[in-house]
Structures are given as structure tokens and as C-alpha cells.
Amino acid sequence: MASLQSSSVIGSLAYSSGRCRRGMTRAAINMPKLRTAAGGLSLRLPARDLVQEVLDMGIGLSPATTSHVEKKYLSRTVSNVSDPMVIAKLHEIMEAVADRVEMHKNIGEQRDNWNSLLLTSINAITLTAATMAGIAATNVGGPLMALKFSSTLMYLAATGMLVVMNKIQPSQLVEEQRNAARLFKQLHCQIQTTLSSGNPTSSDVEEAMEKVLALDKAYPLPLIGVMLEKFPETVEPAVWWPQHRQKQEGRTYGNGWSVELEEEMREIVGVLKRKDTEDYLRLGKIALKVNKILSISGPLLTGMAACGTAFVGSSHAPWATIVGVVAGAMASVVNTMEHGGQVGMVFEMYRNNAGFFRLMEETIESNLNERDVGRRENGELFEMKVALQLGRSLSGLKNLAASSSQKGEAIEEFASKLF
């Protein structure tokens, strides 16, 4: 009996030893190989496979040790996983942004139809009234009165329609909706990039919300109450972004930034302020003045034509006929120049271009004033982005900064080569 027990114990030990050797052999076979690199030896450990092998073997590990290994691995894995609520919020914002893109696109098409239909209708009414005033001057009796009153009523209707059309400026409304749709598409792509690269945080959600609300304020959809002023007292660049928080200036460098790059960016900001932004504001003021003159002249001419046709057939018939016909024809020309030439759209385009350069200025200054360089955008990537936005190469951007530092305000070159 004793011999049987001893042989049983020996067999159990041999079995356990053989199992241990097999486990050690398997672990040795699965150990990663050393790979030589240019700087020496590097060891890449497949953490998950190695941990799993140790857990599978179960040799020399107590339950407490096994639990510790599992918790350590799981905590490291969970730390790389984004908050599901943050991702859900960003997806909700993306859906809202996509919906706004469609809304602005559809409303832009509708207001473009307004511009073409109102222009055609008002010109047709005005020219018909002028024709009827000329015919009325050659008739007497019943036909004279009918033609005269019809012409007067048509001129009055054209005057009222012109006042409304000049007030809302459909061509300018169309340009606003085009810009809004483009900027919302741009924001949609930015949110997609945030979701696809890296781990989004709650600050990304707040930033996206601020951008959406800023765009809603810059390009409102309703016409009554919140419509943008079409004839402002002063011309200012369009602002469609949340205001950057002012930060203290830092003196440390890193993250792709250097003293030379900071000086280069400061020179670029100076050129943008002195040349590009200032020039588009100047052009915007000219377009606004022209638009004001045309907006006043159109209804004034149709009103004069209505007064002239009212006196057709009286003792002042020759002068009344001339005023009724000529003023009506001139009103059609003025209306075509204003709305056919889309002067309001040109003013809005200049205003948005100035806003684009103002945004570039604030973005560059915000990065330069950031104390912690680790929180700035990467310097090399930021320089490339600025060059692309200005339509320049990196060498061209450096040459522009060097020319600005030498000539100062006397520089004649504009920063942007796109528009």
C-alpha cells in the first residue's frame, strides 16, 4: 500500500513537472524577438498576449496576483477609451450641423429666386407703365383716363415693391446663406476629424457648441427682427466665430515653435491688418455707398414717374409725359444695375473676405499669446496651414515676412494671393 501511494505521489509530481516544463516551453516559444534598430536594441512586448499566456499557465500566481494583473491591464485599456457620452454629444451636434447646412442651402435657393423674380417683375411693370404713359399722351377722352390711371397705379406698385426689395437686398441674403452653408460644412468636417483622430473630450463638445451658436448669430435665417443690417453706419468685418480667450504671452519654445517662427507670424499679422483687411474694408465701403445711391434712386424715379403720369393730359402735358416716360425708363436701368449686378452681394462678399482675414489674425495672435506652448497648435503644421490659406508656399510665406520686416508699412504686397 505504501509503495502504491509513493508511486502515485511520484507520478503526480512528474505530471506537474512535465506540465510546468510544457508551459515554460510555450512561453519561451512565444516570447518576442529582439529587433535591432539604428540606435541599438528595442524590445516590443505584446502586452495582451504575454499577460494572457501568464494567466493561462497559472504557474506560481496566487488568485490575488492574477486579479492584480487583470486589473492593471484593464485600467490601461480603459484609459484609452473615450467617454461614450462625449461621442454621443458630438454626433448630435453633427446631425444639427448637417440639418443647418440643408436649411441654409434651401433658403439660399429660395432667396435667389426672389431676386430674379422680383427684378423681372418690377422691370416689366415699370416698362409697361412707361409705355402706357406714352400712349396716353396721344389719346383723349376715355382711353386717356384709363391709360393714365393704369400707368400711375403700376408706377406706385413698382415703387412699393422696390422699397421692400431694396430693404431686404435678396442678392445679399443669398450670399449670406452661401457663406453659412459653406461654414457649417466646414464645421461638420472638423467634428468628423475630431471623432476620427484621438479621444474627444468635453472641451471639444463645448467648442463645437460655441461655433454653432456663433454661426447662427452671424447668419440668421429669419428676416423680421434679427435680419442683418443691409446699410450699416460703419463697415465691419463679418464675425462668425466665438471670441478667443485672451492669454498671457509666453517666452518658452517647443512643439514646433521657435523665435524665428513667432517673428514670422507677427509679420504676417501685420501685413494682414495693414493691407488685406484694410483693403477689403475700403472696397466694402465703396460698394455700400453705391448700393445706397441705387437703392434711393430706384424708388425715387418710379415715384417721380407716377407723379408725371398723373398730370398727363393737363396743361402741363408735355413735361408730365416726359417725366413719366423717361423716369420710368431710368428706374428700370437703375433697378437692373442694383439687383441684376447684385451690388448687395458684392458688399457682403467684401465684408466676409475682411472677416476671413480678421479670423486669421485672431487665430495667429491666440497661438502667439498662449503661455503653454504644449497647448498651441504644432508650429510646423500651423505655418503650413497659414500658407495654404493665403495661397502661398512656405518659402513664399517666409519671403513675405522678411520683406515686411525690412519695409514695414511701406510694403506694397498683399498677404493673400487667393483673393
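**Entry 1**

I started with Lys 273, which is partly exposed because its relative accessibility is 41%. For my own notes, buried is under 20% relative accessible area, exposed is over 50%, and partly exposed is in between (1.4 Å probe, protein chains only). This is a predicted model, where local features need pLDDT of at least 70 and side-chain atom pairs count only at pLDDT 80 or more, while totals for chains, interfaces and linings use all residues. Residues are numbered from 1 along each chain as its sequence is written, and side-chain values use heavy atoms, leaving out hydrogens and water.

Which residue does Lys 273 pair with in a salt bridge? I found Glu 365, with the closest N and O atoms 2.8 Å apart. Glu 365 sits in helix H10 (residues 343–368) and Lys 273 in helix H8 (residues 259–310), so the pair ties together parts that are 92 residues apart in sequence. Glu 365 is also partly exposed, at 26% relative accessibility. I counted a salt bridge when a side-chain nitrogen of Lys or Arg is within 4 Å of a carboxyl oxygen of Asp or Glu.

Next I looked up Arg 351, whose salt bridge to Glu 348 has its closest N and O atoms 3.0 Å apart. Both lie in helix H10, three residues apart, about one turn of the helix. Buried or exposed? Arg 351 counts as buried at 17% relative accessibility, and Glu 348 as buried at 0%.

Helix H6 (residues 170–196) holds Arg 178 and Glu 175, again three residues apart. Their side chains meet in a salt bridge at 2.9 Å, N to O. Here Arg 178 is partly exposed at 41%, whereas Glu 175 is buried at 10%.

I also noted a network of salt bridges linking Glu 262, Glu 263, Arg 266 and Arg 376. My search of the whole structure gave 15 salt bridges.

**Entry 1: a nonpolar patch**

On the surface I found a nonpolar patch of Trp 319, Ile 322, Val 326 and Met 330, with about 440 Å² of accessible area together. Areas are Shrake-Rupley values with a 1.4 Å probe, and for residues only the protein chains shown count as cover. Patch members have over 30% relative accessible area and no salt bridge; nonpolar side chains (Val, Leu, Ile, Met, Phe, Trp, Tyr) are joined within 5 Å, like charges within 9 Å. Trp 319 belongs to helix H9 (residues 317–340) and is exposed at 64%.

**Entry 2: the whole chain**

I finished with the overview: twelve helices and two strands, taken as DSSP runs (helices H or I, at least four residues; strands E, at least two) numbered from the N terminus. Buried residues make up 37% of the 419.
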